[in-house]
Amino acid sequence: MKKFVLLLLVVLFVTLPLMATEPKAMADVKTVQDVPVSEKGFSFDPASPYLPPVPGFAEHMEADGAVYSVYVPDDLDPWRPGVIILVPDGTGAAEFALSDLGRTWMSAADEYGFALGFAEPAEGGWNVTGDPQKRDDVDAVEDVYTQMRSKSQTLELPFTMDKSRVSLVGYEEGGAMALAVAAGSSSAFCGVIAIDQVGADLAYLEKLAASYCFPFPADGMRCKEEVALPNSALAMPVWFINSYDEGVYEYYREKNSTDSWTQNDVASVAYDSSDTVRAVWRSEGLDNPDPAVLWTEFLSIHTRPLGVEGGHLAYAMEFDTRADGRGYIYSEEVVDGLVRRWMTYVPESYDPSTPAPMVLVLHGYTATMYALAEESRWCDVAEENGIITVFAQGYPNPEANTANIPAPSWMVPALFGDAEGADDVSFLAHVVDVTKENYNIDDSRVYGTGHSNGCAMTLALASVHPEIFAAIAPIGYAAEGLTDDLGGTIMPLSLYYGQYDSAVNADGVAMADAYWTGVNGLAGAETTERTSEDGRFTTKSYLTDSGVPLVEFTEVANSAHSYFPAESWRIWNEFFTHYTREGATVYYDGVAVN
């Protein structure tokens, strides 16, 4: 009966509109010089610092021998999604990119703000069956994905790509290869579209499904064998357009645990009723489907933040202001002569007549306020608890890491030494003050958190202005503060890091341990250790004489350099809610600690 319903639904799509988006004019395709950025330089305009330093089209790039082209729109914001297109056999990457269809993809990228990669097969075509005598094309596409994420000036066209929102689209034999890559490298991608696919091989997909994926592909491709996560364990949204192999279609239905059917404007959809993002779409009769439709209807709706092994596949967030004035409020202002940005989340549960707690959230190096808002999902914690949550945006400092193009960063000595740049301590203090002017904030309940570079910035800010925060709980970088003492007060700290975090090592943790216990008067203090019921979080706490856990270090099992929703909830419920501040005095559950 289900198959009959599916066939009936598929018939409905033969009259859908075809290509509507116009190809980008060939004269408007700006081809970049085929030499590294370190040789040709880049553009950085302080009046528009968030524009890409090197926009345009790079015809010929290589990632460990895999040939691909890249297109970056002129006004692409930092840390935006990427789409990797696998072209048909017998077609070069640049040839496809500059065709009418490729330039239509460029027009869609311009309109909706994403970057494009066009990957070509080796001589002889895509290795869609996994023939050991041919190039391993799953590895080849992984190499393209990894290099597209690089900001290195050694590349012809580097940019900052959102590691959580990279999708695959394949045409003909490239469609079959996209299905294989999605089966064998499931953690790297958040969705795949196969158009007019030719040659998909079920036996190869099943072999790939049993192989281990890199559990944290955005964190250095580490610990594959230790975590032993099979590709079969990860869901993968897929859209089959026109031709498909019935066995491959059923393979993806099983991979996504589909148990229900529905229909939208463009496809019939088999989905998991307990988690609808796990879905398989199918359409027929869509000759030359419009890239804008592929993006808006499917590719743009998925994300796979990699806080836990394999990522937590989810629907992408929309950063909208609701009709009642709640939701995400965007701010841009010139501060200390620089164009600065931040975003305030005002929950529906916010009551202007009642002082609300506030949490300041700082993203990592090269990322954005949007990225950490989506990965951490602090908005969910805010809704339940009436929290005003502020996501601040780092400035693309050219001096932060001169090996890379300018990318959003927080200027802290722990990471960038004496490099000159934005006064982020002053900026963030300003953001806190402005938020207090605009909303009814409880001064005694202001908290700070951040990831990686944002973790280091949180530690730096709290050491210089401890009066701002009742407590801090950053993730992903172990660092000291900027002062030798806290000026007669204390700073409750809960520092998190992943078991496989590439930015944290034992020496760094020991250094941070010594500093934060020292400035909080806990050198030699009693410690306790506890592990959460699920075994994921192991916390070492330094206790005051009265038993208050003033400084904590938590290692997160099976996690890498990331920030995920369970950490946000845990930080709020188990740490922040206990602490308040009145001037120099910190209180734990209403009792003075110092």
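**Strands, helices and a buried serine**

Colleague: Which way do β8 and β9 run, parallel or antiparallel?
Modeller: Four bridges join β8 to β9, enough to count as paired, since that takes at least two DSSP bridges; strands (E, at least two residues) and helices (H or I, at least four) are DSSP runs numbered from the N terminus. Before going on: this is a predicted model, so local features need pLDDT of at least 70 and side-chain atom pairs count only at 80 or more, while totals for chains, interfaces and linings use all residues. Residues are numbered from 1 along each chain as its sequence is written, and side-chain values use heavy atoms, without hydrogens or water. As for direction, β8 and β9 run antiparallel.

Colleague: Through how many residues does the hairpin join β8 to β9?
Modeller: Across the pairing, tryptophan 261 stands opposite alanine 270 in β9. The hairpin linking β8 to β9 passes through four residues.

Colleague: Which residue is the bridge partner of valine 269 in β10?
Modeller: β9 (268–271) also pairs with β10 (279–283), antiparallel over four bridges. Within β10, valine 269 has as its partner tryptophan 281.

Colleague: Which are the edge strands of the sheet?
Modeller: It's an open sheet of 10 strands with mixed pairing, in the order β1-β2-β4-β3-β5-β6-β7-β10-β9-β8. An edge strand pairs on one side only. That leaves β1 (56–63) and β8 (260–263).

Colleague: What angle does α4 make with β4?
Modeller: Neighbouring strands of this sheet are turned by 20° against each other on average, direction ignored. Helix α4 (100–112) packs on the sheet, touching β1, β2, β3, β4 and β5 (contact is heavy atoms within 4.5 Å). With axes fitted to C-alpha atoms, for helices over the stretch in contact, and angles from 0 to 180 degrees between N-to-C directions, α4 and β4 make about 155°.

Colleague: Within what arc do the buried residues of α7 fall?
Modeller: The buried ones in α7 (202–210) are Tyr204, Leu205, Leu208 and Ala209, where buried is under 20% relative accessible area, exposed over 50% and partly exposed in between (1.4 Å probe, protein chains only). They line one face of the helix because, going by directions from the helix axis to the C-beta atoms, they fall within an arc of 140°.

Colleague: And which residues are exposed on the other side of α7?
Modeller: The cover over the buried residues of α7 includes α5 (137–148), α6 (173–184) and α9 (246–255). On the other side, the exposed ones are Ala203, Lys207 and Ala210.

Colleague: How many of the eight residues of α11 are buried?
Modeller: Helix α11 (369–376) has Met369, Ala371, Leu372, Ala373, Glu374, Glu375 and Ser376 buried. It is largely enclosed by the rest of the structure because the buried count is seven.

Colleague: How far does the backbone nitrogen of leucine 482 lie from a polar atom of the serine 463 side chain?
Modeller: Serine 463 is found in α15 (453–464) and is buried, with a relative accessible area of 2%. Beyond four places in sequence, its contacts include Gly481, Leu482, Tyr515 and Trp516. The distance to the leucine 482 nitrogen is 2.8 Å.

Colleague: Where does pLDDT stay under 50?
Modeller: pLDDT is the predictor's confidence in each residue, from 0 to 100. Its mean for the protein is 95, and 96% of residues reach 70 or more. The stretch where it stays under 50 is residues 1–17.

Methods. A polar contact is a pair of N or O atoms within 3.5 Å; within protein, one must be able to donate a hydrogen and the other to accept it, and residues adjacent in sequence count only if both atoms are side-chain atoms.
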